[in-house]
Amino acid sequence: MDGIKIKFNPYKGVYLKGFTGKQRKYFDLGPGVVRGIDGEFLINDIFESMSALKSQVILGGSFVSKYQKDENPVYNLPENVGAFSSRFTFINGGFNLNGEYAYKYPDPHPDVIDQYNYNTKFGDVILVNATYSRKGLGVFLSVKRVDNMSYRSDRNATLNNLNINFIPSITKNHTYALAAMYPYVTQPNGELGLQGEVIYNFKKETFLGGKYVTNLTVNFSQVNSLKTTPTANYEKYESEYLAIGDELYYRDLNVKVHKKINNKWKVDLNYLNLKFNNNILKLILDESGSSTFGMLDANILVADVSYKIKSRQTLRLELQGLFTEQDKGDWASGLLEYTLAPKWFLAFSDQYNYGNENDKVHYFNIAAGYKKKANRIQIGYGRQREGVVCIGGVCRNVPASSGFNISITSSF
């Protein structure tokens, strides 16, 4: 944002803020002006009689509006469009419940296919998260429904440009390269999804726990379309609020076992079953802009083994396999990493698309890096596939490339 932001704490437990300005678009500014206010209220701090209670309650709300001049020669479009949200958090011991509801007033914007076909339907989204934890057990559940919630300071913007709101993904973010090859992206036009996760530690000195604790994590997420009925007016459709649509967008079942064998050896074993609807998510396109495959069904295996050579020196071996009959077929990946904590690391990796009958490619890479306080420098050489790469404990999304590369990161 290029503008003004003000924060104000008028009373204990009351936090207010407001802003106005224009959003940055690369080295330029978007055409719309964005204005907003937000308030958060810590109920236990506001009311002294509740300060000693174990249960904590936090309430919040915000209102945001955008102004964009109407220059459309055909339609009379609203120049001011507002959106509001309310949120809450309830905490009691190991139980945490939080949720948010947001509503967007009608904000006509063109379809991706037809730039003159405007949708005048209102938008809303609801997100609820619940967690419970005690010694050795953690449970997480999340539910989200999104309907027509694209909200930008330029009604004609596309891709990730000039988004005002942020709608988090309800699926697990994977760090291993092959597991992160087909990531899910929130569909602001409409989706209904859920995610659940259970984390359990097997006790020491038991058959499954052994001398050290064994950790088991099971995660499941699924996202479907909304159940809609077409209409003849400019709203285009009506949607049943909690009805699940017939089209599957994404499904991910993953199981992880973490085991410390002794003071030197640690093992992580991962299994993922993934369904990915490329007709909707469209990550892989042909030259005509059409999806090259429909529903991807993949199984992914990952073994991550660490060996502590001696104090501050660790050798890590990572083996991965992705097995599918869709897209480019099967993949294999390997990484060998040496770390001299906390400053140095050296890594060799290769990803091989051996299931691609038309173009089998090795994506090899060698990288070395140095870290000191908040500064990090990495030098590498090889052929890089586009996607998420994790080396030296740092994960980042990188473009496709070939040759030498250098990366310098500094936090201040």
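This is a predicted model: local features need pLDDT of at least 70, side-chain atom pairs count only at pLDDT 80 or more; totals for chains, interfaces and linings use all residues.

User: What is phi of Asp327 near?
Analyst: Phi there is near 55 degrees, a positive value in a residue other than glycine. Asp327 counts as partly exposed, at 27% relative accessibility.

User: And Tyr26, what is its phi near?
Analyst: For Tyr26, phi is near 60 degrees, again positive in a residue other than glycine. Tyr26 is in the loop between strand E2 (14-25) and strand E3 (28-42). At 66% relative accessibility, Tyr26 counts as exposed.

User: Which residues does the cis peptide bond join?
Analyst: Ala341 and Pro342, with omega about 0 degrees. Pro342 belongs to the loop between strand E17 (331-340) and strand E18 (344-352).

User: Let me step back. How many helices and strands does the protein have?
Analyst: The secondary structure comes to 2 helices and 23 strands. The C-alpha atoms fill a box of roughly 65 × 65 × 45 Å along the principal axes.

User: What share of the residues is buried?
Analyst: Buried residues make up 37% of the 412 residues. The protein exposes about 24,000 Å², and carbon and sulfur atoms supply 58% of that area.

User: Which residues make the nonpolar surface patch?
Analyst: The patch covers about 970 Å², and its members include Leu315, Leu336, Phe348, Phe364 and Tyr381. E16, E18 and strand E19 (362-372) each supply at least two of its residues. The largest share, 3 residues, comes from E16.

User: Take Phe348. Where is its place?
Analyst: Phe348 is in strand E18. It is partly exposed, with a relative accessible area of 42%.

User: Now charges. How many positive and negative side chains are there?
Analyst: There are 48 positive and 39 negative side chains, and the centres of the two sets lie 13 Å apart.

User: Which residues form the positive surface patch?
Analyst: Arg134, Lys135, Lys203 and Lys204 form it. Lys203 is in the loop between strand E11 (190-202) and strand E12 (214-230). With a relative accessible area of 62%, Lys203 is exposed.

User: How many salt bridges does a search of the whole structure find?
Analyst: The search finds 12. As background, side chains of opposite charge can pair when their charged atoms come close.

User: What is the N to O distance between Asp107 and Lys66?
Analyst: The side chains of Asp107 and Lys66 meet in a salt bridge at 3.3 Å, N to O. Asp107 lies in the loop between strand E6 (95-104) and strand E7 (109-110) and Lys66 in strand E4 (residues 56-67), so the pair ties together parts that are 41 residues apart in sequence.

User: Is Asp107 buried or exposed?
Analyst: Asp107 is buried, with a relative accessible area of 3%. Lys66 is buried as well, at 1%.

User: Which residue forms a salt bridge with Lys172?
Analyst: Glu197 does, and the closest N and O atoms are 3.5 Å apart. Lys172 is in the loop between strand E10 (137-147) and E11, and Glu197 is in strand E11, so this pair ties together parts that are 25 residues apart in sequence. Lys172 is partly exposed, with a relative accessible area of 29%. Glu197, at 16% relative accessibility, counts as buried.

User: And what about Arg316 and Glu318, buried or exposed?
Analyst: Both are buried. Their side chains meet in a salt bridge of 2.7 Å, N to O.

User: Which residues are linked in a network of salt bridges?
Analyst: Lys121, Asp124, Arg145 and Asp147 are linked that way.

User: Last one. How far apart in space are Val267 and Gly30?
Analyst: They are 49 Å apart, C-alpha to C-alpha, and 237 residues apart in sequence. Val267 is found in strand E14 (residues 265-277). At 17% relative accessibility, Val267 counts as buried.

User: What does Val267 touch, leaving out residues up to four places away in sequence?
Analyst: Val267 touches Val257, His258, Lys259, Ile261, Asp304 and Val305. Across the protein, among contacts between residues at least 6 apart in sequence, 51% join residues at least 24 apart.

Key:
Residues are numbered from 1 along each chain as its sequence is written. Side-chain values use heavy atoms; hydrogens and water are left out. Patches are made of residues with over 30% relative accessible area and no salt bridge: like charges are joined within 9 Å, nonpolar side chains (Val, Leu, Ile, Met, Phe, Trp, Tyr) within 5 Å. Accessible areas come from the Shrake-Rupley method with a 1.4 Å probe; for residues, only the protein chains shown count as cover. A salt bridge is a side-chain nitrogen of Lys or Arg within 4 Å of a carboxyl oxygen of Asp or Glu. Lys and Arg count as positive and Asp and Glu as negative; His and the chain ends are not counted. The place of a charge is taken as NZ of Lys, CZ of Arg, CG of Asp or CD of Glu. Helices (H or I, at least four residues) and strands (E, at least two) are DSSP runs, numbered from the N terminus. Buried means under 20% relative accessible area, exposed over 50%, partly exposed in between (1.4 Å probe, protein chains only). Contact means heavy atoms within 4.5 Å.
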